[in-house]
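Me: I have a structure open and would like to learn how to read some of its features. Can we take them one at a time?

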Amino acid sequence: MAAASACPAPMSATSNGAWNGDDPLHHSLPLIILQICLVLVVSRSIAFLLRPLRQPRVIAEIIGGILLGPSALGRSKRFMDNVFPKQSMTVLDTLANIGLLFFLFLVGLELDLRSIRRTGKGALAIALVGISFPFVIGIGTSFVLRATIVDGARRAPFIVFMGVALSITAFPVLARILAELKLLTTDLGRMAMSAAAVNDVAAWILLALAISLSGSGSALVSLWVLLTGIVFVTGVAIFLRPVLAWIARRSLEGDSVKESYVCATLAIVLAAGFATDAIGIHALFGAFLVGIFVPKDGPFAGVLIEKIEDLVSGLLLPLYFVSSGLKTNIATIHGAQSWGLLVLVITNACIGKIAGTIVASVAVKIPLREAVTLGFLMNTKGLVELIVLNIGRDRKVLNDETFAIMVLMALFTTFITTPIVMSIYKPARRAASYSCRNVERKDMNSEFRIMACFHGSRNIPTLINVVETSRGTSCRRLILYAMHLMEFSERPSAIYMVNKVRRNGLPFWNKRDNADRMVVAFEAYRRLSSVSVRPMTAISDLDTIHEDIVASAEQKRVALLLLPFHKMQRLDGALESIGHAYRLINQRVLRHAPCSVAILIDRGLGGTTQVAPNEVSYHVAVLFFGGPDDREALCYGAVMAEHPGIVLTVLRFLPPPTANLENYNEDEMLISNFRANLSTAAKGSLNYEETPASDRDGIAAAIKNLGARTTLYLVGRSPPAVSLVETSDCQELGPVGSYLASSEFSCTPSVLVIQRYNSSGNAPDPADQVSEVSDVTGTPPAQVTPEPFQHEKGGT
């Protein structure tokens with residue numbers, strides 16, 4: 001009877017409600033809902049507080065788990081009994097491990113065995129030395145711990161667990177740190193990612209070995225577990241891989257993936273997890289293996305990630321950190337000996353990983369500064385570290401004190417990575433100064449460089465058609481840098497996206513399946529025209545992606561930046577916002593741009609497809625009020641007018657006698673030069689009109705009168721004109737641009753709103769470092785991956 005009373009009664013799933021006298025906290029479903037909500041609030045709040053320190057979210061989740069555990073809030077018995085009672089831990093741990101199971105499946109999807117096989121000798125050497133050196137030091141550390149605070153632990157499993165714990169590099173966490181530091185697609189970042197991928201696979205092999213050794217049976221049982229695991233891996237490679245390849249082949253680009261295929265794959269993940277758990281390794285290994293063997297070509301892997309990533313990584317995975325935090329009691333680290341052992345473990349972890357990586361890096365001819373940086377990057381810990389520690393604790397290999405020491409070690413080594421790398425590695429230098437920062441220049445026949453940014457395939461036809469009109473005469477060489485702006489987030493799909501870009505060298509393009517419309521469009525344009533097209537990919541957080549745009553424009557010495565407007569046209573003709581973050585990108589680029597900037601309001605110039613050069617037939621109108629921006633718009637219009645398919649009309653709004661005539665002389669000189677060309681131009685290709693800029697209604701009427709025959713408007717961002725709309729949420733377009741983008745105007749013509757570069761007015765702030773570029777040979781600035789369509793190198 002005493003034993004029965006000591007064991008708490010199992011919880012029922014649902015309650016009858018508080019009004020019926022039931023306490024919801026005594027039932028598993030409402031309790032797990034409360035626990036999930038609490039976990040999300042705490043972890044996301046900590047992540048928000050750590051955002052200025054540019055820490056990955058895993059840091060916040062580890063800290064949140066520790067705070068909810070016995071180290072902080074869990075010191076209150078009332079809190080633990082009500083929010084995390086012992087009888088609820090089975091449900092919490094099961095749900096957390098289900099989330100972890102599918103997250104490890106996503107991690108497997110991120111890893112591409114072909115990329116690992118193609119890893120260069122340098123990255124392979126760094127990975128191997130970066131594993132073996134800390135593993136040896138981990139073995140030495142294990143002897144110290146066994147002699148002090150770990151009593152009764154079996155020698156072989158403890159040695160392997162300590163070696164694995166000190167030699168791991170967290171591949172997903174490292175990718176996000178590199179993204180925060182804008183090193184992800186630099187040479188250094190690519191080296192770190194390649195070495196970390198090899199490290200990840202090696203860590204899982206070592207962990208499988210550690211688990212097989214940690215069983216409660218004899219050495220013969222451990223051998224059987226290990227051999228059965230090898231047979232399982234072989235069976236998955238031989239029998240399951242063709243099935244997954246067959247499913248992937250039947251999931252075609254552009255078609256929706258069948259729900260039955262997704263369901264079958266998720267069932268296979270669970271079945272593989274059951275098999276590896278039955279073998280005695282861990283259910284996580286089966287899910288991880290299935291993820292590795294899912295083909296990375298085609299849309300199937302991306303669809304799988306899209307289906308499950310938010311639920312798993314955003315909702316279920318944080319429960320695993322809480323589960324770990326509830327087992328972490330920092331109070332077990334007490335006395336000089338315990339704290340001394342903590343310092344020893346942290347020191348050995350850093351020395352082993354950093355020193356081993358530095359030695360290997362220097363041996364493969366990497367400069368010392370980059371080698372040191374690589375060492376600290378490879379010292380990043382994360383989820384896999386917690387998995388190792390939790391398995392070790394569950395298998396009674398690690399006691400509570402050792403577990404707490406190792407968790408704090410993982411937290412410390414990951415936390416210091418970002419600030420140390422930021423302080424010791426500053427690969428930026430200012431780009432060489434150049435003079436052609438505007439469309440208008442002394443020699444209008446000199447090389448003309450444009451950087452056109454786009455978010456997706458919808459922007460491309462209009463963008464290419466605008467560039468085609470900019471080609472002008474054959475004596476001017478036009479170079480187009482097409483930059484695909486891609487958001488990097490905390491989602492697993494972000495790393496999958498980076499791997500795809502690194503593997504293929506082109507944005508979302510598979511060399512075996514030339515179905516990507518973006519690449520096909522630019523490649524076709526390059527072949528059909530004399531324009532040199534050099535695609536690039538900027539992968540960054542939307543809050544900082546403007547730095548990539550500005551730094552690339554500076555390095556590539558472009559004269560004009562083309563940005564997409566943050567609103568896209570709907571079927572009914574109205575413009576709909578794609579997100580406030582995209583508007584902020586344009587505003588920041590306008591503030592820091594090293595050249596002239598044009599914002600493209602896309603209303604389908606030339607239709608939904610690219611127009612062949614010999615079929616271009618557009619009416620372009622320049623609305624000229626005066627001032628630097630309007631002069632730049634007129635110069636750009638004059639360049640377009642050189643194209644045989646362009647008819648250009650300049651509508652000048654005469655300033656009133658009382659207007660500020662500060663720019664009058666320069667305006668008059670430019671207008672006089674334009675009017676002098678009217679007589680020599682082909683009949684009807686150049687037109688000039690004047691109208692008084694009297695009031696809002698008169699200006700609007702004059703613009704609408706042009707609208708019937710105009711397909712593209714060129715306007716300055718800051719003309720001396722009255723506001724033409726009552727209110728506008730697009731102040732970055734200026735008074736005229738805001739009117740042309742509003743619902744009051746026609747929904748047919750596209751618009752280019754142009755801001756002229758002014759070295760004194762909108763020069764980049766040196767403190768922002770947005771005009772700095774990488775000094776590593778062949779490395780693009782910041783977070784940009786160049787993607788050459790042609791044999792010549794894309795350079796400055």
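Reply: Start with a definition: a salt bridge is a side-chain nitrogen of Lys or Arg within 4 Å of a carboxyl oxygen of Asp or Glu. Keep in mind that this model is predicted. In it, Glu 440, Glu 632 and Arg 756 are linked in a network of salt bridges.

Me: How many salt bridges does the structure hold?

Reply: There are 15 salt bridges in the structure. One of them joins Arg 477 to Glu 447, with 3.2 Å between the closest N and O atoms. This pair links distant parts of the chain, 30 residues apart: Arg 477 is in the loop between H20 and strand E3 (478-487), and Glu 447 is in the loop between strand E1 (428-430) and strand E2 (448-454).

Me: Is Arg 477 buried or partly exposed?

Reply: Buried means under 20% relative accessible area, and exposed means over 50%. Arg 477 has 39% relative accessibility, so Arg 477 counts as partly exposed. Glu 447, at 30%, is also partly exposed.

Me: What does Arg 393 form a salt bridge with?

Reply: Its partner is Asp 400, and the closest N and O atoms are 2.8 Å apart. Arg 393 has another contact to look at: its charged end sits over the ring of Phe 403, 5.8 Å from the ring centre. Arg 393 is partly exposed, at 22% relative accessibility. Asp 400 is partly exposed too, with a relative accessible area of 39%.

Me: How is a pair of aromatic rings described?

Reply: Two values are used, the distance of the centres and the angle of the planes. A search of the whole structure finds six aromatic pairs. Among them is the stacked pair of Phe 625 and Phe 653, 4.3 Å centre to centre with 5 degrees between the planes. Phe 625 lies in the loop between strand E9 (618-624) and helix H25 (628-641) and Phe 653 in strand E10 (residues 646-654), so the pair ties together parts that are 28 residues apart in sequence. Both residues are buried. Elsewhere, ring pairs link Trp 204, Phe 285 and Phe 288 into a cluster.

Me: What shows where empty space is left?

Reply: Rolling a probe the size of a water molecule over the atoms shows this. Here there are five cavities of 30 Å³ or more.

Me: Which strand gives the most to the lining of the second largest cavity?

Reply: Strand E5 does, with three residues. The lining of this cavity includes Leu 562, Leu 563 and Pro 564. By class, the lining has eight nonpolar, two polar and two charged residues.

Key:
Residues are numbered from 1 along each chain as its sequence is written. This is a predicted model: local features need pLDDT of at least 70, side-chain atom pairs count only at pLDDT 80 or more; totals for chains, interfaces and linings use all residues. Side-chain values use heavy atoms; hydrogens and water are left out. On a 1 Å grid over the protein atoms alone, a cavity is a set of points where a 1.4 Å probe fits but cannot get out, and a pocket is an open set with protein on both sides within 12 Å along at least five of seven lines; lining residues have an atom within 4 Å of a point. Grid points are joined across faces, edges and corners, and a volume is the space filled by probe spheres set on the points. Helices (H or I, at least four residues) and strands (E, at least two) are DSSP runs, numbered from the N terminus. Ala, Val, Leu, Ile, Met, Phe, Trp, Tyr, Cys and Pro count as nonpolar, Asp, Glu, Lys and Arg as charged, and the others, Gly among them, as polar. Rings of Phe, Tyr and Trp (its six-membered ring) pair if their centres lie within 6.5 Å; planes under 30 degrees apart count as stacked, over 60 as edge-to-face and the rest as tilted. Buried means under 20% relative accessible area, exposed over 50%, partly exposed in between (1.4 Å probe, protein chains only). A charge sits over a ring if NZ of Lys or CZ of Arg is within 6 Å of the ring centre and within 35 degrees of the ring normal.
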